[in-house]
Amino acid sequence: MLPWFRDLVETERKAVSIQTYESYLIPGLLQTEDYARHCVSATRPLLSDGDVSRAVVLRMTRQEILNQDDPPRLWAIIDESVLSRQVGGPDVMREQCAHLLAMSRRPNVALQVIPDSKGAACAYGQQFMILTFKSRTPMAYLEDMRGARYVRERDEVGTYSVAFDFLRASALDDEQSAELIRGVMNERYV
């Protein structure tokens, strides 16, 4: 396991709130196992089959925080294009869309979709997470091909918080987002 990813697992366990924006893939906390396997294989093509399997198990382990007694509040915003990007084929995507709909019905999970018709978004397609905690200041988490960076400086975290608010304002509400997901699932992945 990469050290920065191990840190993310521990950091998420301590969070009371997680806000995440993704423009390319379903957020890791909301991925099905098959979707995650195809994502890891595609985004890290040099990993062995064993390393891919370990990465998928870790991703599924991360999701356990959403099932604990006092789970963090997860607010996920994705671009509509994430739903149209066929990761692993129609069966994988149908299962993934159904999983998103099920997760969005949980009281601690909010899922919003920014429709393609909105055009460009303020985050330039850069994925990020904002994590808040009971006893320490919020932080932002940024990940790219080479690694990850934790942003702790208050003004910089504030910039990501403002960007998240703009993204949220551009997105459909919860019910409209669920309807869009259902529509994509029924039209593209039948």
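Reader: Why is the sulfur of Cys39 too far from the closest cysteine sulfur for a bond?

Author: The closest cysteine sulfur, in Cys97, is 13 Å from that of Cys39, whereas a disulfide is a pair of cysteine sulfur atoms within 2.5 Å. Cys97 is therefore in no disulfide, and a search of the whole structure finds 0 disulfides. The model is predicted, so local features need pLDDT of at least 70 and side-chain atom pairs pLDDT 80 or more, while totals for chains, interfaces and linings use all residues. Residues are numbered from 1 along each chain as its sequence is written, and side-chain values use heavy atoms, without hydrogens and water.

Reader: What makes Cys39 buried?

Author: Its relative accessible area is 3%, and buried means under 20% (exposed is over 50%, partly exposed in between; 1.4 Å probe, protein chains only). Cys97, with 1%, is likewise buried.

Reader: Why are α5 and α7 called roughly antiparallel?

Author: Helix α5 (residues 90-104) and helix α7 (residues 174-188) pack at about 160 degrees, with axes 9 Å apart. Angles over 145 degrees count as roughly antiparallel, and the pair is therefore described in that way.

Reader: Which residues make the contact between these helices?

Author: On α5 they are Arg94, Cys97, Ala98, Leu100 and Leu101, and on α7 Ala178, Ile181, Arg182 and Met185; contact means heavy atoms within 4.5 Å.

Reader: How many residues of this contact are nonpolar, polar or charged?

Author: The contact has 7 nonpolar, no polar and 2 charged residues. Ala, Val, Leu, Ile, Met, Phe, Trp, Tyr, Cys and Pro count as nonpolar, Asp, Glu, Lys and Arg as charged, and the others, including Gly, as polar.

Note on methods: Axes are lines fitted to C-alpha atoms, for helices over the stretch in contact, and angles run from 0 to 180 degrees between N-to-C directions. Helices (H or I, at least four residues) and strands (E, at least two) are DSSP runs, numbered from the N terminus. Angles under 35 degrees count as roughly parallel, over 145 as roughly antiparallel, 65 to 115 as roughly perpendicular and the rest as oblique.
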